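The following exercises are meant for a reader who is new to this structure. Each one sets a task and then works through a solution step by step.

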Amino acid sequence: MNLITTKSAAEILGVTPVRVRQLIQQGQLVAEKHGRDHLLNKEAVQRFNRHGRRPSGRPPKTTKK
């Protein structure tokens, strides 16, 4: 298994390491705790990046008729 740090996962996902820790806490990413660090499976992070993420930003504005 290829384990990476939260910093490396953040680079793959295009977010901050803090956001990666939030995703771990929310159960959206699985990590192993080693001392004070979280280690994540690189393939799982890449799969999450392809399939598990919602589009970022504000949803498009809809007009009401």
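**Exercise 1. Two helices in contact**

Which residues in α1 meet which residues in α2?

Solution. The model is a predicted one, in which local features need pLDDT of at least 70 and side-chain atom pairs count only at pLDDT 80 or more, while totals for chains, interfaces and linings use all residues. Residues are numbered from 1 along each chain as its sequence is written, and side-chain values use heavy atoms, with hydrogens and water left out.

Step 1. Helices here are DSSP runs of H or I with at least four residues, strands are runs of E with at least two, and both are numbered from the N terminus. Contact means heavy atoms within 4.5 Å.

Step 2. From α1, the residues Thr6, Lys7, Ala9, Ala10 and Leu13 take part; they meet Pro17, Val20, Arg21, Leu23 and Ile24 of α2. By class, this contact of α1 with α2 has seven nonpolar, one polar and two charged residues. In this scheme Ala, Val, Leu, Ile, Met, Phe, Trp, Tyr, Cys and Pro are nonpolar, Asp, Glu, Lys and Arg are charged, and the others, Gly among them, are polar.

Step 3. Two packed helices are described by the angle between their axes and the distance between the axes. The axes of α1 and α2 come within 8 Å and cross at roughly 100°. That makes α1 roughly perpendicular to α2. The axes are lines fitted to C-alpha atoms, for helices over the stretch in contact, with angles from 0 to 180 degrees between N-to-C directions. Angles of 65 to 115 degrees count as roughly perpendicular, under 35 as roughly parallel, over 145 as roughly antiparallel, and the rest as oblique.

**Exercise 2. The buried faces of the helices**

Solution. Step 1. Buried means under 20% relative accessible area, exposed over 50%, and partly exposed in between, for a 1.4 Å probe and protein chains only.

Step 1. Thr6, Ala9, Ala10 and Leu13 are the buried residues in α1. Seen down the axis of α1, they fall within an arc of 105°, so they line one face of the helix. The arc is taken from the directions from the helix axis to the C-beta atoms. On the other side of α1, Lys7 and Glu11 are exposed. The buried residues of α1 pack against β1, α2, β3 and α3.

Step 2. In α2 (residues 17–25), the buried residues are Val20, Leu23 and Ile24. Their arc, viewed down the axis of α2, is within 100°, so they too line one face of their helix. Their cover includes α1 (6–13), β2 (31–34), β3 (37–41) and α3 (42–52).

Step 3. A glycine with positive phi follows each helix: glycine 14 after α1, near 75°, and glycine 27 after α2, near 85°.

**Exercise 3. The sheet**

Describe the order and pairing of the strands, and place the helices relative to them.

Solution. Step 1. The three strands form an open sheet in the order β1-β3-β2, with antiparallel pairing. β1 (3–5) and β2 stand at the edges with a single partner strand each, so one side of each has no neighbour in the sheet. From one strand to the next, the twist averages 40°.

Step 1. Two strands pair if DSSP finds at least two bridges between them. Three bridges link β1 and β3, and threonine 5 stands opposite leucine 39 in β3. Four bridges join β2 to β3, where glutamate 32 also stands opposite leucine 39.

Step 2. β2 and β3 form a hairpin with two residues between them, and glycine 35 in the turn has a positive phi of about 65°.

Step 3. α1 lies across β1 and β3 at about 90° to β1. α3 likewise lies across β1 and β3, at about 70° to β3.

**Exercise 4. Two residues compared**

Is threonine 6 buried or exposed? Where is alanine 31 found?

Solution. Step 1. Threonine 6 lies in helix α1 and counts as buried, at 12% relative accessibility. Leaving aside residues up to four places away in sequence, threonine 6 touches Pro17, Val20, Arg21, Ile24, His38 and Leu40.

Step 1. Alanine 31 is found in strand β2, opposite leucine 40 in β3. With a relative accessible area of 25%, alanine 31 is partly exposed. Under the sequence exclusion of up to four places, alanine 31 touches Ile24, His38, Leu39 and Leu40.
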